[in-house]
Amino acid sequence: MREVSVLIGGKAGDGINSAGAMVAQLLNHLGYHIYLYFDYPSLIRGGHNFAVIRGAEQSVGTCRDTVDFVLALSQETVSLHREQMHVGTAIVFNADLVKSDGQGISVKSVLTVEKAPGIMGNSAIIGGFAKAAGIDWEIVEAVFRSHIPKGVELNLKVAQCAYEQLVTAHQIERCSNTPLPLLTGNEAIGLGLVRGGLDAYVSYPMTPSSSLLHFLAEQKEKFGITVVHPENEIAVILMALGFAYGGKRAAVGTSGGGFCLMTEGVSLAGMAEFPLVLVVSQRTGPSTGLPTYTGQSELLFVLHAGQGEFPRLIVAPGDAQEALVWSAIAMDIAWKYQVPAFILPDKTLSEGTYSVDTAGLPAQITGSVPLWDGNPSYHRYADTLSGISPLALPGTKDAVVKVNSYAHDESGYTTEEADMVSRMTEKRLRKWEGLIAEMNGYPQVNILGSAGAPGTLLCWGSTKGVCSEVAVELGLRLVQPVVLSPFPVAQLKKALEGTKKLICVEENATAQLATLTEQHGIIADKKIMRYDGRPFTYESLLAKVRKAVS
Amino acid sequence: MTGRALITDVQNTWCPGCGNFSLQHTLKNILTEMENEGRSLDNVVLVSGIGCHAKMADYLNINSFYSLHGRTIPVATGIRLANPDLTVICCCGDGDCYAEGLDHLIFAAKRNIDITVLVHNNRVYGLTTGQYTPTSPLGFRGKSTPTGTAEFPLNPIELMLASGATYVARGYTKKMDQLKTLIRNGIAHRGFAFVDVLQICATFFPAADYYTPRVYDLADHDPASFDRACAKAREWDYNSDARIPLGLFYQATFPGFDERMATQGMAAELREKAIRDLLESRI
C-alpha cells in the first residue's frame with residue numbers, strides 16, 4: 001500500500017491543528033485517504049503539540065510509528081520525535097527557532113519580505129513542506145484557495161516564497177483516489193445528528209466533546225438548530241428533556257465526568273420515556289484523569305448508568321464514516337422507541353480527522369414516530385403491545401400530556417399501587433424486544449481482515465482502524481460490534497463462527513467488552529489492553545498480537 | 001379542551017391545613033380565568049420538582065412534567081425554547097429550588113427566560129419529614145439539626161434581584177387575592193417571573209401566627225426602582241423579627257433568553273443541502 005506520514009509539531013498556540021489540517025488536505029488532493037491524530041496536553045499555551053497526518057492508498061484510521069516528514073515549529077519537535085524518524089525522513093523546520101538537519105526556512109524573513117503578519121507563519125512551513133514533498137504548486141494553490149478563509153492571496157505569497165527556497169527531498173507520488181471530505185469524528189457525529197433531525201444540541205464544555213459543541217454552535221443557522229450551553233451538565237440533560245417533551249429532537253454531549261452529573265437525567269429519560277441522544281466522548285479516567293488523551297473505560301458505566309432498569313441503545317462508531325451513519329440511526333431509534341440512545345466515541349475518534357466517503361451514505365432518516373391518533377382522552381403511557389405509547393406534544397388540542405419521574409399509571413399520574421408498578425415496568429421493558437428485533441435489521445457487527453480466519457481480533461470503537469491493519473498483516477479476522485446495547489449477541493456469535501483463538505483489544509485496563517461478551521458465553525482467550533491515554537499504534541499492537549497468536 | 005374539570009380524581013394527600021391547598025386553589029382560579037379569556041389550557045405546562053409542592057402535577061388536570069428534585073427550571077427552560085407558544089409555570093419547593101437546584105434558579109433569572117417560578121416556601125422539608133431548608137431561620141430544630149441550624153437563611157428576594165430577575169414578588173398563602181394577582185401578573189410578564197410564596201407547613205412549620213401580624217402590602221412601592229426594591233427586599237431577612245412586605249418588589253422589561261436564542265427551523269431537504277455543501281467544503 002502506498003502511504004506517507006507527516007508529523008508537524010510546535011508549542012501550544014502555534015496552530016498545529018490547523019496547519020495539520022492543511023497538510024491533510026494536500027495529501028487528500030494527491031489522492032490519499034487521510035487519518036490525522038492530534039496530540040496536545042491540557043493547557044492553552046506553551047506545551048508541546050503535534051499532529052501526525054497519515055495518507056494511504058486505502059482507508060486508514062491509525063498512525064504508524066515512523067514518519068516520512070517532520071515539520072518542526074519548535075526544537076522539541078525534532079528532539080522528542082527523533083525515534084519516529086527513519087533514514088529518509090525529511091525535516092522542514094523554522095530556522096528562527098530550531099536547529100536541525102534537513103531544510104530550514106527563516107519564517108521571520110519570509111514574513112518580512114512579504115509584509116505578512118505573524119499569524120501567516122505556518123503558511124511558510126506548509127509551502128516549504130509542499131516543495132520538500134514535490135507537490136505541484138497548482139495543488140498547493142487550490143488547497144489554499146479552498147481552505148483559507150481570510151487573506152488567501154497573502155498566505156499564498158508567503159507559502160510560495162518558502163516553496164521557492166527549498167528543494168524536493170522526498171517525492172510523494174500521487175494516488176488515484178478522488179479527494180474526499182475530511183471530517184473529525186465529532187463533526188461526523190454532528191452531521192449525523194442533523195441528518196437524524198436534530199433540533200437542539202445542549203452541552204457544557206468538556207474535552208473531548210467540546211469540539212462537537214463548537215462545530216454545531218458555529219453551524220446552527222446553517223442547519224436551523226438551537227445550541228445551548230447551560231450552567232452545568234445537570235441542567236444540560238434536564239433542558240434537553242424539556243426540549244424532548246416539547247417535541248424537539250435533542251442531543252447532549254459530554255465526557256465521563258460530565259456524564260456522572262447527567263445520570264439522574266438518564267434515569268428520568270428511562271422512567272418518563274423520553275427520546276434523547278447522549279454523546280459521551282471518552283477520555284482517560286478515573287476522575288479528571290488525562291483530559292486530552294484517550295480511553296475506552298466508560299462502556300460499562302454508560303451501559304449501567306442511572307438507577308433502575310430501562311432499555312437503552314449504545315453505539316460505538318469505529319471511524320468518522322460510521323459516526324456519520326450511526327449518529328443519525330441513534331436519533332431515529334431514540335424517537336421511535338422513546339429511549340435514551342448513546343453514541344460512545346473516544347478522544348481518538350472525536351478529535352481525529354478521517355476521509356469520509358459520502359457516496360454510499362444512506363438517505364436522510366426521517367423517522368417514523370408513533371403519534372397519538374386524536375381519539376378522546378390521551379394517555380401518555382398507554383400500555384400497548386409493543387410497549388411504545390403514541391406521542392402527543394403539549395399544545396396538542398384536547399391532549400393532557402403528563403410525564404412523570406415517579407412510578408405512574410397510563411395517564412402519567414403517580415402511583416404506588418403494586419400491580420400498576422409491575423405492569424408499567426413490563427411495558428417499558430417490552431420496548432427492548434422491539435428494539436432488539438429492529439437493531440437486528442442493521443449490520444451491527446463489522447467483520448474485517450481475513451473473514452474466515454481461525455484467529456480473531458475483537459475490538460470496539462476507534463481501535464477499529466489499528467486492529468484492521470494488524471489483522472490484515474497477520475491474516476487474522478477482525479470482529480467489531482458497533483452496537484453494544486442491546487447487545488448484538490446473535491450477529492456477534494455468527495461473526496465469530498469458526499474462531500479458534502479470540503484476542504480482545506481494548507484501551508482500558510479491565511477489558512470491558514470482554515466482560516460483556518463473557519455474560520453471553522463468548523470468552524476471550526487473550527486480552528490486550530492499553531491504558532496510558534495513548535491510542536495503540538500499528539507497530540505496538542502488531543508486536544503484542546503477534547505474541548498473543550503464537 | 002374547554003370546560004375541563006381542573007382538579008383531577010387523584011387522591012389528595014396533603015395534610016389538612018396545608019398551604020398547598022391555597023396555591024392549588026389560586027392556580028385553578030387563574031387557569032379558569034385564562035380559559036374564560038379565550039386562552040386554550042392546552043398550551044399551559046406545569047413543571048414540578050419533588051416534594052409536597054410537586055403533587056400539584058398530579059392534582060391539576062393540565063399538561064405537566066413531574067421532574068426531579070431541584071430540576072424544574074432547566075426542564076421549563078427547554079420546554080419554553082422548544083415551543084414559545086407554551087406558557088410554562090414551575091411549582092418548586094424551597095428545598096427543591098433554593099438548595100438542590102439553586103444554580104438553575106440563578107441562571108434562569110440571569111437569562112430572563114420567559115417562565116414563571118412559584119416557590120412554595122414553607123421553610124422546611126415536609127415530605128422527608130422535617131429537616132431545615134435554605135430559608136429556615138437560624139437555630140431551626142429539624143430532624144437533621146436537633147440542636148438547631150448553625151447557618152443563616154438565604155433571602156431569595158435579594159438573591160433574585162442580584163441575579164437579574166425581571167419580575168420579583170412575594171406572596172402569602174393566607175392573602176389569596178393578592179397571591180392570585182401576583183401569579184397572574186407573573187405569568188403575563190414577558191421574561192423571568194419569580195414569586196416566593198410564604199406557605200405554612202401544617203405539620204412541621206405552622207408559622208401563620210408569626211407571618212399574619214407582620215405582613216403588609218407593598219402598595220406604595222415603585223417596582224420600577226431597583227434600588228428601592230433592594231431596600232424593601234432587605235426589610236425582612238427571613239430570620240430577624242421585622243415587618244414582612246408582600247407584593248411586587250421589582251419589574252423590568254428586557255429581551256428574554258428565548259427571544260435571543262430562537263433559531264429558525266429548516267425543511268429536511270434544505271438541511272440535506274446544507275450538509276452536502278459543508279461536506280463539499282471539506283474537500
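The domain assignment, which is automatic or from a database, divides chain A into domain 1 (3-165), domain 2 (184-355), domain 3 (370-442) and domain 4 (445-549). Between the centres of domain 1 and domain 3 of chain A, taken over C-alpha atoms, there are 56 Å. The model is predicted: local features need pLDDT of at least 70, side-chain atom pairs count only at pLDDT 80 or more, and totals for chains, interfaces and linings use all residues. Residues are numbered from 1 along each chain as its sequence is written, and chains are lettered from A and ligands numbered from 1 in the order in which they are written.

Helices (H or I, at least four residues) and strands (E, at least two) are DSSP runs, numbered from the N terminus. Twelve of the 14 residues of α1(A) are buried, among them Ile16(A), Met22(A) and His29(A). A residue is buried with 20 or more other C-beta atoms within 10 Å of its own, exposed with 12 or fewer, and partly exposed in between, the C-beta atoms being placed from the backbone. After α1(A) comes Gly31(A), with a positive phi near 95°.

The interface joins 50 residues of chain A to 42 residues of chain B, a contact being two C-beta atoms, placed from the backbone, within 7 Å. On the chain A side, the elements giving two or more residues include β7 (182-184), α7 (185-195), α11 (256-272) and β15 (402-404). The largest share, eight residues, comes from α10(A). β15(A) also pairs with strand β2 (residues 63-66) of chain B, in the parallel sense over three bridges; pairing requires at least two DSSP bridges. Here Val403(A) stands opposite Phe65(B).

Glu264(A) sits in α11 of chain A. It is partly exposed because 19 other C-beta atoms lie within 10 Å.

Most residues other than glycine have a negative phi, and most peptide bonds are trans. The bond from Thr207(A) to Pro208(A) is cis, with omega near 5°, and so is the one joining Gly285(A) and Pro286(A), with omega about -5°. Pro286(A) lies in the loop between β11 (276-280) and α12 (299-304) of chain A. Ser287(A), in that loop, has a positive phi of about 55° and is exposed, with 7 other C-beta atoms within 10 Å. In chain B, Tyr238(B) has a positive phi near 70° but is buried, with 22 such atoms within 10 Å.
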